[in-house]
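Trainee: I would like to learn how to read the features of a model one at a time. Could you take me through a few of them?

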Amino acid sequence: MPRTDSITTTSDDSTRAASATGAGASAVSDNEVLLQRDGPLARIVLNRPKALNALTHGMIRTIAAALTDWADDPAVQTVLLTGSGDRALCAGGDIVSIYRDARTDPDENARFWADEYTLNAQIKRYPKPFVALMDRIVLGGGVGLSGHASHRVVTERTKLGMPETTIGFVPDVGGTYLYSRTPGELGTHLALTAATMTGADAIALGLADSFVESTQLESLADALKRMPAAAAIAEHASTVPPAPLLAERAWIDECYAGNDVATIIDRLQTSSVTAADDAAAAILAKSPTALRVTLESLRRARDLRTLEEVLEQEYRVSLRMVAGHDVIEGIRAQVIDKDRNPAWQPSTLSDVSDADMQAYFAPLGERELRLPRSKTHETRQTTEREATA
């Protein structure tokens, strides 16, 4: 079991960004995040286009501070999340920083995840309409920012997923909450293979609400300045195209049932469906530890009631994963040396014992992440989504 005895979770509130409130059209920028006000609309623009708007710790703190300010500002009626550039809303967390900090300052990764998961929960319970334009690439931490919003908009260009097992990690930022609640075993398939989904898939699987053609996004953003979020989205929404993943559900549900990764792989390899064999090959390239912990995370998340409970579980897992071998090796292979040939330890599923896997979920004691609860807001968001579906 990876050590976590030296990890702390204290967050320095002194890094809160300057207030983003104020009347009329204005803009506050720390370069990586642009905070803009235009009448009743407050905008968060992720602004690292060359890095596909990957999240840094500073960005997370800036967004959280702005949301806190806007929640109490009666002039703000709607918050809109977008990404700069033409390639991504957000491709996830800055894994190069995670790699560096794991080697030199493990406490920083603990603080990063504590603040990120707190932000994910803040978005889920936000008291005002939070509109996320999930256009183009939306991965990992980008799903954490957008997948818990009250109004989630996808397009024909959306490419959404949780690719964590590719680097020896486990879906987090509430990803196991979202994936464990998809129809059948579609979320299990996506989590283990690290595959992506289309915008239509995201709606069918419960990770998005509305489909808007990309050519209409600018008009939608303008309409959000003049009318309530639900009305503006309804005015611009298009018919949702067929979801490709739903057509694959029969073999996915059959193959991914149960709690044993080895059995899942065996079913995939013996299936008569070509796509099943491809899925098996994708899974076999992943970290055996990450695979076992991911499947267990999904099964446990399915039984947990709230997003906050799942995020607290993910925090335990994340700290222990990054304290081990495979996350650092996976990032090295994918983005540092780029040899795409990670040497996982252990290298086989049979070498990951049940005790080893279960240890990732053990309580952290004083280091536990404890998030506030808000039952009324979760109920309100569910009602809003049902009304606008």
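Trainee: Which residue stands opposite Arg152 in β8?

Mentor: Strands of a sheet pair through backbone hydrogen bonds, either parallel or antiparallel. Here Ala132 stands opposite Arg152 in β8, and strand β6 (residues 130–134) pairs with β8 in the parallel sense over 4 bridges. Two strands count as paired if DSSP finds at least two bridges between them, while strands (E, at least two residues) and helices (H or I, at least four) are DSSP runs, numbered from the N terminus. This is a predicted model, in which local features need pLDDT of at least 70, side-chain atom pairs count only at pLDDT 80 or more, and totals for chains, interfaces and linings use all residues. Residues are numbered from 1 along each chain as its sequence is written, and side-chain values use heavy atoms, with hydrogens and water left out.

Trainee: Which strand pairs with β8 over 2 bridges?

Mentor: That is strand β11 (residues 210–211), also in the parallel sense, with Val153 opposite Ser210.

Trainee: Which way do the residues of strand β8 point, and are they buried or exposed?

Mentor: In a regular strand the side chains alternate between the two faces of the sheet. In β8 (residues 151–154), His151 and Val153 point one way and Arg152 and Val154 the other, and all are buried, a term for under 20% relative accessible area, as against exposed over 50% and partly exposed in between, with a 1.4 Å probe and protein chains only.

Trainee: At what angle do the axes of helix α1 and helix α3 cross?

Mentor: Two packed helices are described by the angle between their axes and the distance between the axes. The axes of α1 (residues 57–71) and α3 (residues 106–124) come within 10 Å and cross at roughly 35°; axes are lines fitted to C-alpha atoms, for helices over the stretch in contact, and angles run from 0 to 180 degrees between N-to-C directions. Among the residues that meet are Ile60 and Leu67 in α1, and Phe112 and Leu119 in α3, where contact means heavy atoms within 4.5 Å.

Trainee: Where does Leu52 lie, and why does Leu52 count as buried?

Mentor: Leu52 lies in the loop between β3 (41–46) and α1, and its phi is near 55°, a positive value in a residue other than glycine. Leu52 counts as buried because its relative accessibility is 18%. Arg136, in the loop between β6 and β7, has a phi near 60°, likewise positive, but counts as partly exposed because its relative accessibility is 27%.
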